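User: Hey, I'm new to this one. Can you walk me through it?
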Amino acid sequence: MGQLDGLSTIVTGAGRGIGRAIAKVYAREGATVSLLSRTQATVEQVAEEIRAEGGAARAYACDVGQRQQVFDVINQAITDMGTVDVLVNNAQGFGTQSSPRSSTKYFGVEETPDDEIEYIFRTGAMASLWGMQAVFPVMKAKGWGKIINFSSTSGILGTTGNTAYNVTKEAVRSLSRTAANEWGQWGINVNVISPTLRTDAFEAWEADRPEFVKALREALPMRRLGDPELDGGPLAVFLASHGSDFITGMTFMLNGGKLMP
Ligand SMILES: NC(=O)c1ccc[n+]([C@@H]2O[C@H](COP(=O)([O-])OP(=O)(O)OC[C@H]3O[C@@H](n4cnc5c(N)ncnc54)[C@H](OP(=O)(O)O)[C@@H]3O)[C@@H](O)[C@H]2O)c1
């Protein structure tokens with residue numbers, strides 16, 4: 001018996017990092033998983049790994065920064081799975097539409113370019129909103145659903161040089177609380193994970209600001225970064241399962257004690 005037996009789940013940004021880990025753990029717990037990312041080959045590879053372990057997975061190319069693609073691909077995934085119970089809005093773009101990057105880049109507030117804010121906000125906050133709007137009719141009709149969004153301690157603390165990312169991730173938290181207030185009556189839970197887990201994006205950030213990230217890591221009470229599957233998987237499973245039915249609008253600090261608000 002898996003903790004997510006029979007559930008139909010959608011995970012964005014599932015080609016690597018936290019999204020990949022959540023997709024794999026969900027499948028091991030019995031869920032059917034739809035994996036989305038811009039790069040078809042990477043999500044197809046993860047879906048193949050899941051199927052090789054005996055799980056159920058399909059891969060879809062989707063740029064979550066493109067509104068129509070989000071609705072079209074999520075509707076297709078719902079059709080293919082028959083329904084949707086869980087949406088994990090994990091994808092986050094960086095850089096600009098014409099020059100996407102794999103992580104944030106330092107800009108002081110006064111020099112932050114409009115196109116950075118536009119792209120990072122669109123692929124984070126707007127993408128999360130569009131994903132939520134796409135699954136809402138099905139979840140409302142069945143009177144149950146789980147939405148998991150992603151924020152960052154960088155946004156909560158106002159980490160320097162991260163304006164575009166910070167405003168995006170705090171917008172996601174506010175969006176989540178608003179939807180939690182509106183959609184609780186239909187049994188839909190909307191919660192947020194604020195992670196500190198070792199992924200490609202984290203390593204790219206470390207490469208851009210080595211001293212800053214070194215100090216951050218050394219200040220962690222747990223003295224290590226989390227592992228996406230081992231440390232991130234259990235919380236993501238809990239927030240997708242009946243055990244969290246009475247918890248909504250909350251931000252969960254999955255960060256080894258980095259921030260304890
Ligand atoms: N790692 C941490 O410690 C940390 C800390 C704070 C917050 N977070 C948040 O946690 C989430 C996952 O982070 P991560 O470290 O796992 O990131 P990651 O390693 O960079 O992985 C990001 C995933 O999202 C996909 N993606 C990027 N832009 C996309 C777009 N426009 N449309 C669709 N998919 C897109 C990427 O695949 P493609 O390139 O193929 O699209 C990739 O699969 C993000 O929301 C991030 O902001 C992470």
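User: How many bridges join S4 to strand S7, and which way do they run?
Analyst: Keep in mind this is a predicted model. S4 and S7 (residues 145-150) run parallel, with four bridges joining them. In S7, Lys-146 sits opposite Val-86.

User: Which residues of S4 point which way?
Analyst: Strand S4 covers residues 86-89; Val-86 and Val-88 point one way, Leu-87 and Asn-89 the other, and all are buried.

User: Why that pattern of sides?
Analyst: In a regular strand, side chains alternate between the two faces of the sheet.

User: What about S1 and S4, in which sense do they pair?
Analyst: Parallel, over three bridges, with S1 spanning residues 8-12. Thr-9 stands opposite Val-86, and Val-11 has Val-88 as its bridge partner.

User: Why is S1 called largely enclosed?
Analyst: Because five of its five residues are buried, S1 is largely enclosed by the rest of the structure. Ser-8, Ile-10 and Thr-12 cover one side, Thr-9 and Val-11 the other.

User: Over how many bridges does S1 pair with S2?
Analyst: Five, in the parallel sense, and S2 is residues 32-37.

User: Switching topic: which residues are closest to the ligand?
Analyst: Gly-13, Gly-17, Arg-38, Thr-39 and Ala-201, out of 31 residues that surround it.

User: Which helices supply at least two residues of that shell?
Analyst: Helix H1 (17-28) and helix H7 (200-208) each do.

User: And how does the shell split by class?
Analyst: Ten nonpolar, 17 polar and four charged residues.

Key: Residues numbered from 1 in each chain as written. Predicted model: local features only at pLDDT ≥ 70, side-chain atom pairs only at ≥ 80, totals over all residues. Near = placed C-beta within 6 Å. Nonpolar A, V, L, I, M, F, W, Y, C, P; charged D, E, K, R; others polar. Buried ≥ 20, exposed ≤ 12 C-beta atoms within 10 Å, placed from the backbone. Pairing = 2+ DSSP bridges.
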